[in-house]
Amino acid sequence: MNFPKRVMTIAGSAAGGSAGIQADLKTFQELDTYGMSVVTAIVGRHPETKKNVHMQTIEAIEAQFDTAMKQVGVDALKTGMLFSSEVINKTAELIRHSSIKQIVIDPVMVGKLDSKLLADDAIEVLKKELLSLGTIITPNMPEASELLGGRKLESVDDLKQAAIDLYEFGPKSVLVKGGRLTGPAVDVLYDGKTLTTFEAPRIDTVNTSGAGCTYSAAIAAYLAKGSTIQNAVHKAKSFVTTAIQYGFSYTEMVGPTYHAAMRKNGAAFEIKVN
Ligand code: PXL
């Protein structure tokens, strides 16, 4: 038997099941990889919940990482919500001392309901310690803007320049996601040499909770399975676009993407690559 490739997420638990660790593990499973998790924080983000970020200790984070590394091993890793400078520092140290080759850094900052997923004083540590470790970093527009000192991003050309400038932080490649543009959903990939755009149609829905987590988790799964960065992004974009197309909600709140959509229905759209 060929064992499935092993993918680890270091991220927060999103109780509602749409985002964070839960979205990551569903995505890993859908893409026939073996999912593992290091929980950094437990998030309950219902508007009526008062304190909604419960950090795990550094010891707990390290113990989870060591367990998964020793018990199983890791072909690819993604990071999501890390929240504090302490957790970012520890995550960077764990990655540096490991031999993991495929690393997706999703610089998560705020959730869909404005829940704060990164402390204000942690942004500098994120820039200094973590971004350079990425095979790919995957900021959305607000995150890219924040990482570039509050620069306004309003067009695909702005995203291209942002990707080129974020490359200076030291990752192997940068994917700036244009989900918040109007018009088609265009993402820009820069690998130090070439700019590539990935375009999907805009889907008219509010049920996109966890889309960013799902996208970066899918990139990690495809990298684990041996895809090039470019092919991993292409296939992951197809996966998340299909999950968004079939998104739904059980309540009046913003609902999840449908992680099983690709398996059940095939790709909803062709992704245009340029
Ligand atoms: O979608 C970003 C995100 C990431 N991680 C956790 C979250 C959310 C959004 O709510 O709760 C744990």
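What volume does the second largest pocket have? It comes to about 400 Å³. Before I go further, please keep in mind that this is a predicted model. Now, back to that pocket. It is lined by 21 residues, and those closest to its centre are Gly16, Gly17, Ser18, Val254 and Pro256. If we sort the lining of this pocket by class, we get ten polar, eight nonpolar and three charged residues.

Rolling a probe the size of a water molecule over the atoms shows where empty space is left. How many cavities of 30 Å³ or more does the count give? The answer is one. The largest cavity has a volume of about 40 Å³. Among the residues that line the largest cavity are Thr79, Gly80, Met81 and Leu82, along with Ile105, Asp106 and Pro107. By class, this lining has eight nonpolar residues, two polar and one charged.

Next, salt bridges. How many are there by the count? There are eleven salt bridges, and I'd like to show you a few of them.

Here is where Asp106 comes back. The side chain of aspartate 106 forms a salt bridge with that of lysine 177, at 4.0 Å from N to O. These two partners are 71 residues apart and link distant parts of the chain: lysine 177 is in strand β7, residues 174-177, while aspartate 106 is in the loop between β5 (102-105) and α4 (123-130).

Lysine 127 and glutamate 124 meet through their side chains in a salt bridge of 3.3 Å, N to O. Both residues belong to helix α4, where they sit three residues apart, about one turn of the helix. With a relative accessibility of 16%, lysine 127 counts as buried.

A further pair is lysine 237 and aspartate 187, whose closest N and O atoms are 2.9 Å apart in a salt bridge. This bridge also links distant parts of the chain, with lysine 237 in helix α8 (residues 229-245) and aspartate 187 in strand β8 (residues 185-190), 50 residues apart. Both lysine 237 and aspartate 187 are buried. And if you like networks, Glu62, Lys90 and Glu93 are linked in one made of salt bridges.

Tyrosine 215 counts as buried because its relative accessibility is 5%.

Let's move to the loop between α1 (20-30) and β2 (34-43), where we find threonine 33. Its side chain reaches the backbone oxygen of phenylalanine 28 at 2.8 Å. Leaving aside neighbours within four places in sequence, threonine 33 is in contact with Pro4, Lys5, Val7, Phe28, Ala221 and Lys225. Threonine 33 has 4% relative accessibility, so it counts as buried.

Aspartate 32 is in the loop between α1 and β2 as well. Is aspartate 32 buried or exposed? It counts as exposed because its relative accessibility is 55%.

One last topic, backbone angles. Most residues other than glycine have a negative phi. Aspartate 32 has a phi near 55°, a positive value in a residue other than glycine. Phenylalanine 83 is not a glycine either, and its phi is positive too, about 70°. You'll find phenylalanine 83 in the loop between β4 (76-79) and α3 (85-96). Its relative accessible area is 18%, so phenylalanine 83 is buried.

Key
Residues numbered from 1 in each chain as written. Predicted model: local features only at pLDDT ≥ 70, side-chain atom pairs only at ≥ 80, totals over all residues. Heavy atoms only, no water. 1 Å grid on protein atoms, 1.4 Å probe; cavity = no way out; pocket = protein on both sides within 12 Å on 5 of 7 lines; lining within 4 Å. Points joined across faces, edges and corners; volume = space filled by probe spheres on them. Nonpolar A, V, L, I, M, F, W, Y, C, P; charged D, E, K, R; others polar. Helix = DSSP H or I, 4+ residues; strand = E, 2+ residues; numbered from the N terminus. Buried < 20%, exposed > 50% of the residue type's maximum accessible area, 1.4 Å probe, protein only. Polar contact = N/O pair within 3.5 Å; in protein donor to acceptor, adjacent residues only side chain to side chain. Contact = heavy atoms within 4.5 Å.
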